[in-house]
Amino acid sequence: MSDFMKKSSFIEGTIIATLAIVITKILGMLYVIPFYAMVGASGSALYAYGYNIYAIFLDISTAGLPLALSKIIKEYNTLNRKDAKKRAFSIGLKMISIISIVIFLILILFAKPLASIILGELNGGTTIEEVTFVIRMTSFAILIVPYLSITRGYLQGHNIIGISSVSQVLEQVFRILTLLGGCYLALHIFKVPMKYAIGIAVFGASVGGLVALLYLLIKMNKSKKELGLTKIEEKDEITNKEIGKKICFYAIPFIIITIVFSINNFLDMVMILRTLEHLGLETAQIEFATTAITTWSTKISMIVNSVATGMVTSLIPTIVGAYTLKKWDEVNNKFNKALQLILIICLPMCIGLSLLSKSVWSVFYGYNEIGSFIFSMQILVSLFYNLFLVTNSALHGLNKSKVVYRSVIIGLTTNVLLNIPFMILFYKVGLAPYLGAILATATGYILAFTLSLKKLKKEHGLHYKETFKMGEKLILPTLAMLLVVLVLKWFLPINYASKISCCFYIGIISVIGGVVYLFITYKMGLLTKVFGKSTINKIIKKLTLGKVSID
């Protein structure tokens, strides 16, 4: 079996998946610098409208099936059901194909009504015809990316994270090459209208997905035997109907939650647009604030959110394996380890990026007080989102769908109900109204996360004493990092108009602040406790080319 096809432990799988996702997200962050410079505020708003609709329908089309398949493959592997495992993959592919075609037709046929819902009666900016065209250009990716996701789910069910992770990087690289190259040619060589340039940009998702899918199929074809894709003589007594029911049973919770999330995200965008319009803000301000919250801040937040996404990739199969064998101590250990990883990695990242928000925003989009202020608040929400995501993924792994429904629906309903009142309240007391939407989102995540933790403790006896202890210990290194960053900000000069100056500023402060944080956490024994001594040793050896190791 090749290196990419090697099975990974929970921590190793988390690190591999997270590194790949971090690389992917960094690329996803960096491309916006030249892209935003090429298309400007109006083009970026058009891109945000079209891409947000695509993201919603992509989530719906891939909802549940990849993770459900990953869960089923892990379960059948644990029980040595080779034939059932192979048939489950085949059934999953057929199901995702039908869903993809239906979603594709919806986007093609109903692009204009969707565009009308987004913009409403907002005049003087992006037009309904432009948004309609961009939505239709995004729809082609729906025929490719879901198929790609289900294939990755099959590999992740085998704890084979390497090949899946490489495919994610390839997908992002070719998406960005198409996006930037296409935009440049459209605007500067062929000099076509902006909507066609943005249409090419969103079509990049189709190109990236196709390249990644071809890579996976080639790699899997070389390892058919190891993956159980060759002809199997010994048949399992499990019928296709039973497998189909199990896929639906596992997928439905993910589907419901994803649809709720998608509706919530769509409502967020529409409510912010409508409320800011009602409060009398100018069209340019409304579009900027809305897209800053729903798209451009989240682009930068990807680097933090990738930690939880990578963790979920490894967490669900390992928890399912332990749950199948009723190893509750292992379930408790894995879940707490996931929470501890979120805290030790995401907490300093969120705080650091919030403190450096002006320079970070300037690098990506140019200096803007409103944009950087929105980002400084939005990035803090990422910590609660990551905790929420990991907790509910654990509940999925334990087949606690009803608990997930309740916590997610309560959390997101809270967000929807508080959105407009919070924005109006902030406006009445003289604060920026759009910050009310960010606070509403954070409140919803915190509530959902807390409800999930309580249910896990009550129904499965999971306890979080060690995680709480570690959280308390993280106060010292976090405060030390915070102090260092503030002192450096006070003394170091910065020219927000210069991207190079901002990059040096961010680099110097983040490296020094990060070293202080890592040094203190290592000395306190927190790094080795969470990652394990052997993993820390491997990382240090690779970073120092084998010259340094810990005892």
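The second largest pocket is lined by L339, L343, L347, L387, F449, L453, Y464, T467, F468, G471, E472 and L474. Here a pocket is an open set of points on a 1 Å grid over the protein atoms alone, with protein on both sides within 12 Å along at least five of seven lines, and a lining residue has an atom within 4 Å of a point. The structure is a predicted model, in which local features need pLDDT of at least 70 and side-chain atom pairs count only at pLDDT 80 or more, while totals for chains, interfaces and linings use all residues. Residues are numbered from 1 along each chain as its sequence is written, and side-chain values use heavy atoms, with hydrogens and water left out.

The volume of this second largest pocket is about 280 Å³, a volume being the space filled by probe spheres set on the points, with grid points joined across faces, edges and corners. Helix 17 (465-473) makes the largest share of its lining, four residues. Helix 12 (328-355), helix 16 (434-460) and helix 17 each contribute at least two lining residues. Helices are DSSP runs of H or I with at least four residues, numbered from the N terminus.

A cavity is a set of grid points where a 1.4 Å probe fits but cannot get out, and two cavities of 30 Å³ or more are counted. The second largest cavity holds about 30 Å³ of space. Its lining consists of K71, F249, Y250, P253, H396, N399 and S401, and helix 10 (residues 240-278) provides the largest share of that lining, three residues.

Side chains of opposite charge can pair when their charged atoms come close. With a salt bridge taken as a side-chain nitrogen of Lys or Arg within 4 Å of a carboxyl oxygen of Asp or Glu, the count comes to eight. One of the bridges joins K246 and E75, at 2.7 Å from N to O. Because K246 belongs to helix 10 and E75 to helix 3 (residues 65-78), this pair ties together parts that are 171 residues apart in sequence. K246 is partly exposed at 24% relative accessibility, whereas E75 is buried at 10%; buried means under 20% relative accessible area, exposed over 50%, and partly exposed in between (1.4 Å probe, protein chains only).

K358 and E369 form a further salt bridge, with an N to O distance of 3.5 Å. This pair links distant parts of the chain, with K358 in helix 13 (residues 357-365) and E369 in helix 14 (residues 369-397), eleven residues apart. K358 is partly exposed at 33% relative accessibility, and E369 is partly exposed at 41%. In the bridge between K529 and E466, the closest N and O atoms are 3.4 Å apart. That pair also links distant parts of the chain: K529 sits in helix 20 (residues 526-531) and E466 in helix 17, 63 residues apart. Relative accessibility is 40% for K529, which counts as partly exposed, and 36% for E466, also partly exposed.

Helix 4 (residues 82-109) gives the most to the patch, with three residues. F140 lies in the loop between helix 6 (128-138) and helix 7 (145-157), and its relative accessibility of 33% makes F140 partly exposed.

T126, in the loop between helix 5 (111-119) and helix 6, is buried at 8% relative accessible area. Leaving aside neighbours within four places in sequence, T126 contacts S42, A45, L46, Y49, L119, V131 and E287, contact meaning heavy atoms within 4.5 Å. S44, in helix 2 (residues 32-62), is buried at 1% relative accessibility. Not counting residues up to four places away in sequence, S44 touches Y36, V39 and W296. S165 is located in helix 8 (residues 162-189) and is buried, with a relative accessible area of 5%. The C-alpha atom of S165 is 9.2 Å from that of T24, although the two residues are 141 residues apart along the chain.
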